[in-house]
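I opened a new model today and kept notes as I went. The entries follow the order in which I looked things up.

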Amino acid sequence: MKKMLIVILAALLLFNLSVPALAEESEKVIRVGGNATVSLAADTATVQIGVETRNESVKEAQRENANLMGAVLEAIKGVGIEEKDIVTSQFNVFSNYEYESSVLGKDTRKQYYQVQNTVSVTVHDLSMIGSVLDAAMDAGANTTYGISFSSTQANEAYQKALTRAVEDAMQKAQVLAKAAGVELGDLLNINATQNTAAFSRETYGMTNFYAYEAKSADMGTSISTGDVNVSAEVTLEYSFR
């Protein structure tokens, strides 16, 4: 029994001595971050086009909206947009009130209904964006909620950005180790994140990357696009000695 107690105490002593050593070893980590961005030209655009109607009768508001949206969809398809690239993104029906003041100063309240129907249109030929907008507006569309630009090559661009981000982090780790007078050990951990900036904007605003300009009826609508930035960020952890 006495010998067994001595063995247990010795084991506990060895464990207590090893814990600081393990903790000290685990603290010998260099953690660095790397990032890179690849820019590429946009080749796809998505525009939100809608019809909003209002009427004292909800049934009439819906009927008017359906007729106008039908004409808008035909017009959009008429300029070459395929049906698979037109998807309903929003449909709302809600009531509201309009207030009027009489000559005697008494307010009256009139109820009306609004119907909003919006479609998301994907355009694969960017030169057609202006034609799509013009055709939709001529057919009765009265709302647009912005244009977003993206690229079908975003995944390939991310692979390039990821490789460059890792190279950036590795170089930083080597510089840090050399400056600290230590030697890099094994790569212990690596994490990566992706950030694709598919730029979007309101069609009545302006930014540094695109401009929307309403021309005369003869000239049509002019849309200019910009680049899509695909970024990658990584975090590397190395042991050192």
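Among contacts in the protein chain between residues at least 6 apart in sequence, what percentage join residues at least 24 apart? I got 79%. I note here that the model is predicted.

**Entry: overall layout.** I went through the secondary structure next. The protein chain has four helices and 10 strands. From the N terminus, I read the order as α-β-β-α-β-β-α-β-α-β-β-β-β-β. I then checked burial: 32% of the 241 residues are buried.

**Entry: the core.** I looked up the largest nonpolar core and found 42 residues in it. Ile49, Ile76, Val121 and Ile129 have the most contacts inside this core. I listed the elements that give two or more residues to it: strands 1 (29-41), 2 (44-55), 4 (107-123), 5 (143-150) and 10, along with helices 2, 3 and 4 (154-180). Helix 4 provides the largest share, eight residues.

Leaving out residues up to four places away in sequence, Val121 touches Ala45, Thr46, Val47, Ile49, Ile76, Ile81, Asp85, Ile86 and Val132. Two of the residues with the most contacts in the core, Ile49 and Ile76, are among these partners.

**Entry: helix 3.** I asked which residues of helix 3 (residues 129-139) are buried. They are Ile129, Gly130, Val132, Leu133, Ala135 and Ala136. An α-helix has 3.6 residues a turn, so residues three or four places apart point the same way. After helix 3 comes Gly140, and I noted its positive phi, near 125°.

**Entry: Ser231.** I moved on to strand 10 (residues 227-240), where Ser231 is found. Is Ser231 buried or exposed? Its relative accessible area is 17%, under the 20% cut-off, so I count Ser231 as buried. The Ser231 side chain makes a polar contact with the side chain of Thr37, at 2.9 Å. Beyond its neighbours within four places in sequence, Ser231 is in contact with Ala36, Thr37, Tyr158, Ala161, Thr193, Gln194 and Asn195.

**Entry: a surface patch.** Val58, Phe91 and Val93 make a nonpolar surface patch of about 230 Å². Val58 lies in helix 2 (residues 58-78). I logged Val58 as partly exposed, because its relative accessible area is 31%.

Definitions and conventions. Residues numbered from 1 in each chain as written. Predicted model: local features only at pLDDT ≥ 70, side-chain atom pairs only at ≥ 80, totals over all residues. Heavy atoms only, no water. Buried < 20%, exposed > 50% of the residue type's maximum accessible area, 1.4 Å probe, protein only. Polar contact = N/O pair within 3.5 Å; in protein donor to acceptor, adjacent residues only side chain to side chain. Contact = heavy atoms within 4.5 Å. Patch = residues over 30% accessible without salt bridge, like charges linked within 9 Å, V, L, I, M, F, W, Y side chains within 5 Å. Areas by Shrake-Rupley, 256 points an atom, 1.4 Å probe, with all protein chains shown as cover. Salt bridge = Lys/Arg side-chain N within 4 Å of Asp/Glu carboxyl O. Core = buried A, V, L, I, M, F, W, Y, C linked by side-chain atoms within 4.5 Å.
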